[in-house]
Amino acid sequence: MENNLGRRGFLRLSGTAALTASLGSALTACGSADKKSSSAKPGRTVRLGFIALTDCAPLVMAEELGYFAERDLNVELIKQASWPATRDNLLNGQIDAAHALFSLPLSVATKIAGKGSTDLKVAMVLSNNGQAITLKKDFADAGYADLKAAKALLEKKSPTLAMTFPGGTHDTWLRYWLKATKADQSKIKIVPIPPPQMVANMKVGNMDGYCVGEPWNAVAVKQDIGFTHITTQDIWQHHPEKALVTGAKFAAEKKDVLADVMGAVLKACKWLDDLDNRAKAATTIGGPQYVKAPAKEIEGRLLGSYELGADLGTKKFSGDQMMFFRDGQTSAPRRGHAIWFMSQYQRFGLLKEAPPYAKIADEIILRDLYEEVAGKEGIDVPADDMSPFHVKLDGTTFDPKKPQEEAKRP
């Protein structure tokens, strides 16, 4: 499989100035939500980045419901152009923390999409589940999660597939699925494209499928250009997806402020897991300053009702659609999950040798801080930080204490 992850490959594919501008370290925040007046004390202003995806909801709703203000925080929500922009703005201090891919700091630390820094920290998990692999209608015979049919089509058509960031969660779900199909990957290209630009690129034929978060899978179905082939909860149920990622300096110098941000976000996550609140959430985050998508195209999948497209009907999820809290099960960052992602990097060939698994996980996952905040908020912390867990798609069990067994698996 061509590991076409660089700038040159993306530019060849994109063909538009907007896409060209979305890569590289020159990216900066592209806008911010309207701000209400705040009487927060000096030093309590926090700049939080987000990408236009449904799972930015915990940050947006914490702001819109007044949960940040309750803790005397003046939060600026700043829309980011892409995940590389988010990475760079975190590293250079343009933003203090962000809604980000759980594995983005791991990709940076292992030099897949960075220089090896462990300065990006995972403070808590914002969401489980809720991503998907969308294929264009020409692949409709692959049906829903039919790995054998997908294999035949992948080998016949030599497709170009897109994800959002090298080593990110979407990249991992896409490559894990490809491994599970057992397709010959030598002629499959994988390229990075920012989430909000997925639909437009597939519409003009730049790629044949993609893995991304909502609402951009639902939008492709609504526009009748693609169908949902598989959701990520059918790859690994309750997987970590987005996280509150912060810079090392902010975590060290303003630990109390970060803890208050986390407390407010935890309250928003609880609110979001009441399904009666999700219609309001969809309307709020769908606004132009946030996701900029019709509320109905956000709401359906938030509630677990997936119109799949390509005459595949509707698939229902209950309790394993996009989840934000799950009685604290979602929110706790686990070192074992970080080690799983790094084992996949090695398994996929993105890393030629084993990284220092435990060292990187220990440095990046702010487990002690999360436990401290959860304790203050009266939230139980699951005792499974390094416990084995099951991955649904291929029926495997991963033991974080034995990552090399997974790394060497075909």
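**Exercise 1. Which strands does helix α8 (residues 169-181) lie across, and at about what angle does α8 run to β7?**

The model is predicted, so local features need pLDDT of at least 70 and side-chain atom pairs count only at pLDDT 80 or more, while totals for chains, interfaces and linings use all residues. Residues are numbered from 1 along each chain as its sequence is written, and side-chain values use heavy atoms, with hydrogens and water left out.

Step 1. Helices (H or I, at least four residues) and strands (E, at least two) are DSSP runs, numbered from the N terminus.

Step 2. Helix α8 lies across β6, β7 (160-163), β8, β9 and β10, and runs at about 145° to β7, where axes are lines fitted to C-alpha atoms, for helices over the stretch in contact (heavy atoms within 4.5 Å), and angles run from 0 to 180 degrees between N-to-C directions.

**Exercise 2. Work out the strand order of the open sheet and identify its edges.**

Step 1. Five strands are arranged as β8-β7-β9-β6-β10 with mixed pairing, two strands being paired if DSSP finds at least two bridges between them.

Step 2. Because β8 (189-192) and β10 (226-231) each have a single partner strand, one side of each is left without a neighbour in the sheet. From one strand to the next, the twist averages 25°.

Step 3. Within this order, β6 (residues 131-136) and β9 (residues 209-213) run antiparallel and are joined by five bridges, with Ile 133 standing opposite Cys 211 in β9.
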